[in-house]
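Please have your viewer at hand.

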Amino acid sequence: MRSIKPRKYAGSLLIVGLFIIAFVASLLIGSERIPSGQLLAMLGLGDEAIEPMYYQILVQLRLPRALAAGLIGMALANSGVVFQTCFRNPLADPYMLGISSGAALGATISFIIPGLSSGWTGVFAFVGALLALIFIYTIGWIDGKMDSTVLILSGIAVGSFLSAVVSLMVALNQEHMEQIIFWTMGSLNAIRFSQVRLVVLPVLASVVVYFYYWKDLNLMVLGEDGAITTGTNAPRVSKILLVVASLSTAFVVSISGIIGFVGLVIPHLVRLLVGPNHRRLIPISALAGASFLMASDLIARTIVSPRQLPIGIITAFLGSPYFIYLIIRLKRRSS
Amino acid sequence: MIQIEDVVFRYQADEFRIAGISLRIRQGERVSIIGPNGSGKTTLMKIMLGILPAKGVIKLVGQSIDEYTTKQRAQVMAYMPQFQALSHTLSVQEYVELGRYPHTERFRGLQPIDHAKVEEVMVLTDIAQYRDRPIEYLSGGERQRVFLAKALVQEPKVLFLDEPITFLDLNQQLSMLRIVKEYCENKNISVIAIMHDLNLAFNFSHKIALLSQGSLADFGEPKQVLTAENIEKIFGLNVNFVDNPRDGSTFIIPDLTF
């Protein structure tokens, strides 16, 4: 008979290792390859002379981009964990409550308003995501209780409606089509330190909140009655966690556009590697999501260099085959 | 131990209501809740557990249930559901370990004493040999013992069992109830169980709460409550009572003509 005893420590170490490799690689590799000696020198560990051009590329371009990719990956992966656990639904992902379509509509509006600088895109996207969220939570909140089925269904309905509005705007404003499509597939091209500063606090704070509730998250697997009778106020805790996860997703969507599959796939992968205990699942998913996004961004900007692909294409290419594999595995197990 | 007075509850979208039920269950007492389907057994249990908010007084060890935090309640009451759908795969041991959470501090994992408790209960319920197996791979009887183990490891003063033997064959039904009886007698734990089998309820319980359409039809010792009149009135069945001369237990035999 099969037994499950995940190699918890080996799995965690593997992810930590991948995280370090992905971070260093995304600093060094690109259209201009930076020798590792230069990085060591910049860290004060080598005696090579630092080339100003390398310094510029590394610090001005690649570092903020790697940090942004890392933070976005962290936020999406952990939001995925929280959504899947709180909704008790393995297919839940951070975009399911209309955040992506709300953000897309906001961004689209910013593109078609004449004379608006590109800096406004993020603000519009954030506001769009937030309005969609507030609307959906208002519908899903019945008599002070949150009904997860109503929440999911209204997420789908509102999401489809907003996506239709975006498509309509695209059809009416064909000159912005490329811009809009590129944004809805996610991109880190324009990332600077200012955007990293914008998301760093919300993302790290959200990870702290999730970790604070690791035991409560573990108990949610029992369903609401089971969780309550084992000592956690499940309705209250899931309200808090879903709102935090939604906000953190709205923040990262506003700087990157919509990057799919991270929040869906990473939690499953990490659960397989380190087991279902959120004490490990939260921090290791954060690192795995960060590594996955840094690696995806590296591929996005090098594979057809000097052109850059939207990062969402890469995450979907890498994520969907793995997800299909997971579904087949699940199917085999249940038969 | 647990006392409810004039408890009233109504589902929002439903006509069904629990109307003015009062009960007092003493420490170490085994009480079966019986009644036809839809008579409010599970609802009453969920009210006592604090899952459903009801009007009226619910006292746990002399103190109103509202004065307890969710965690404090879980230190006093444990619940074994009839069926448990898990959203993610857990191994037997991982599942049982969750029952120790009410006794651990927020940021600390399980301590050696918790592991010892988990081990003790897994041995008692005879599931230690499956500890690393995913729960969904177990048979109905094994799974039921895992659910029981998680409830026992919580070290409750009151143990709630929602149809604990529904999916089990006769042998497993008896062994399950024997484990509960022996363990709870040793530790002086009160047991409140929803039962369908009148014979097992009769012989297992100190007291029986008979529910009918959301009201308490009768409450007392099995001999007083499970009378031919009551059973006919509530269940619509004609029954005979036969004593087993070998062990003195009582059988309730319904009219079995089809």
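The report below goes from the interface to salt bridges, then to a helix, a surface patch and the cysteines.

This is a predicted model, so to speak of local features a pLDDT of at least 70 is needed, side-chain atom pairs count only at pLDDT 80 or more, and totals for chains, interfaces and linings use all residues. Residues are numbered from 1 along each chain as its sequence is written, chains are lettered from A and ligands numbered from 1 in the order in which they are written, and side-chain values use heavy atoms, with hydrogens and water left out.

**The interface**

Taking contact as heavy atoms within 4.5 Å, 36 residues of chain B touch 31 residues of chain A. The buried area (the accessible area, with a 1.4 Å probe, that two parts lose on being put together, summed over both) is about 3100 Å² between chain B and chain A, and carbon and sulfur atoms give 58% of it. On the chain B side, B:His88, B:Tyr101 and B:Arg106 lose the most area to chain A, together 23% of what that side buries. A salt bridge here is a side-chain nitrogen of Lys or Arg within 4 Å of a carboxyl oxygen of Asp or Glu, and the count between chain B and chain A is 2.

**Salt bridges**

Over all chains, the search finds 13 salt bridges.

| Pair | N to O distance |
|---|---|
| B:Arg100 and B:Asp114 | 2.9 Å |
| B:Glu120 and B:Lys117 | 3.6 Å |
| B:Glu185 and B:Lys181 | 3.7 Å |

B:Arg100 sits in the loop between helix H3 (92–98) and helix H4 (112–124) of chain B, while B:Asp114 is in helix H4, 14 residues apart. Both B:Arg100 and B:Asp114 are buried, where buried means under 20% relative accessible area, exposed over 50%, and partly exposed in between (1.4 Å probe, protein chains only). Helices (H or I, at least four residues) and strands (E, at least two) are DSSP runs, numbered from the N terminus.

B:Glu120 and B:Lys117 are 3 residues apart in helix H4 of chain B, about one helical turn. B:Glu120 is partly exposed at 39%, whereas B:Lys117 is buried at 9% relative accessible area. A network of salt bridges links B:Arg100, B:Asp114, B:Lys117, B:Glu120, B:Glu155 and B:Lys187.

B:Glu185 and B:Lys181 lie 4 residues apart in helix H6 (residues 170–187) of chain B. Both are partly exposed, B:Glu185 at 43% and B:Lys181 at 33% relative accessibility.

**An enclosed helix**

In helix H1 (residues 41–48) of chain B, 7 of the 8 residues are buried, so the rest of the structure largely encloses it. Among them are B:Leu44, B:Met45 and B:Ile47. After H1(B) comes B:Gly50, with a positive phi near 80 degrees.

**A patch and the cysteines**

Helix H5 (residues 119–140) of chain A holds A:Val123, which is partly exposed at 40% relative accessible area. A:Cys86 is buried at 12% relative accessibility, and B:Cys184 is buried at 3%.
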